[in-house]
Amino acid sequence: MTGLLSNKYIKFGLIIFLSVGLIMFTQEIKHLKDPNSMPVTGMTVLGLGVLWLFSMIGILISDLVNKTSISILREFPVLGWVSIVSLLMCLLSDFFIQAIQAVDFLSITTPILTFAGISVANRLVDLKNTSWRVAIVAVFVFTGTYIGSALIATLGLYLAGN
């Protein structure tokens, strides 16, 4: 049992490490294309290490609370625990904030969108088995969201005088 848990944490640690590497690669490519963007520095590496550590602590907490009898805690998502750990640690020390600020936000979104795309691609068979009515609802939701966002942006620009 102990070997299985350590293997699970090693697997998660390596997956998050791969994500951190992808973030650093993306930030470096962005800096090569736009020299005015944020470069990869030692503080960037430290910030990515901090994000990795917060993620691993969140995973550990999630596993620990899954053993409790309180259903709300068992059902609380891992992302929530990672967010709480990050919030508490950043409230305790400005060092974490400074380290994370050296990581470019858009570089972080690259692996997130990659993993989301892989997740959706793995569920295409499930999507195919749903009713065709879902596609119609999705088109209306996407259209409504786009039009709503455009109207809000237009209103914001109008109020700002642009």
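Rings of Phe, Tyr and Trp (for Trp, the six-membered ring) form a pair if their centres lie within 6.5 Å; planes under 30 degrees apart are stacked, those over 60 are edge-to-face, and the rest are tilted. The model under this tour is predicted, so local features need pLDDT of at least 70 and side-chain atom pairs count only at pLDDT 80 or more, while totals for chains, interfaces and linings use all residues. Residues are numbered from 1 along each chain as its sequence is written, and side-chain values use heavy atoms, with hydrogens and water left out.

**Aromatic pairs**

By the ring rule, the count is 3 aromatic pairs. Select F76 and W81: their ring centres are 4.9 Å apart and their planes stand at 70 degrees, so this pair is edge-to-face. Accessibility is classed as buried (under 20% relative accessible area), exposed (over 50%) or partly exposed (in between), with a 1.4 Å probe and protein chains only. F76 is partly exposed because its relative accessibility is 33%, whereas W81, at 13%, is buried. Next, select F54, F95 and F96, which ring pairs link into a cluster.

**Nonpolar cores**

A nonpolar core is a set of buried Ala, Val, Leu, Ile, Met, Phe, Trp, Tyr and Cys residues joined through side-chain atoms within 4.5 Å. Select I16, V20, I23, L48, M56, I59 and V103, the 7 residues of the largest such core. Helix 1 and helix 2 each supply at least two residues of this core; helices here are DSSP runs (H or I, at least four residues), numbered from the N terminus. A second, separate core has 6 residues, among them V85, C90, F96 and A99. Return to I23 and display its contacts (heavy atoms within 4.5 Å): leaving aside residues up to four places away in sequence, I23 touches L48, V103, S107, I108 and P111.

**The largest pocket**

A pocket is an open set of points on a 1 Å grid over the protein atoms alone, where a 1.4 Å probe fits, with protein on both sides within 12 Å along at least five of seven lines; lining residues have an atom within 4 Å of a point. The lining of the largest pocket comprises 21 residues, of which I16, S55, L79, V82 and I112 lie nearest its centre. Helix 1 (2-33), helix 2 (42-65), helix 4 (78-92) and helix 6 (105-122) each give two or more residues to this lining, and helix 1 provides the largest share, 6 residues.

**A last stop**

Select G42, found in helix 2; at 57% relative accessibility, G42 is exposed.
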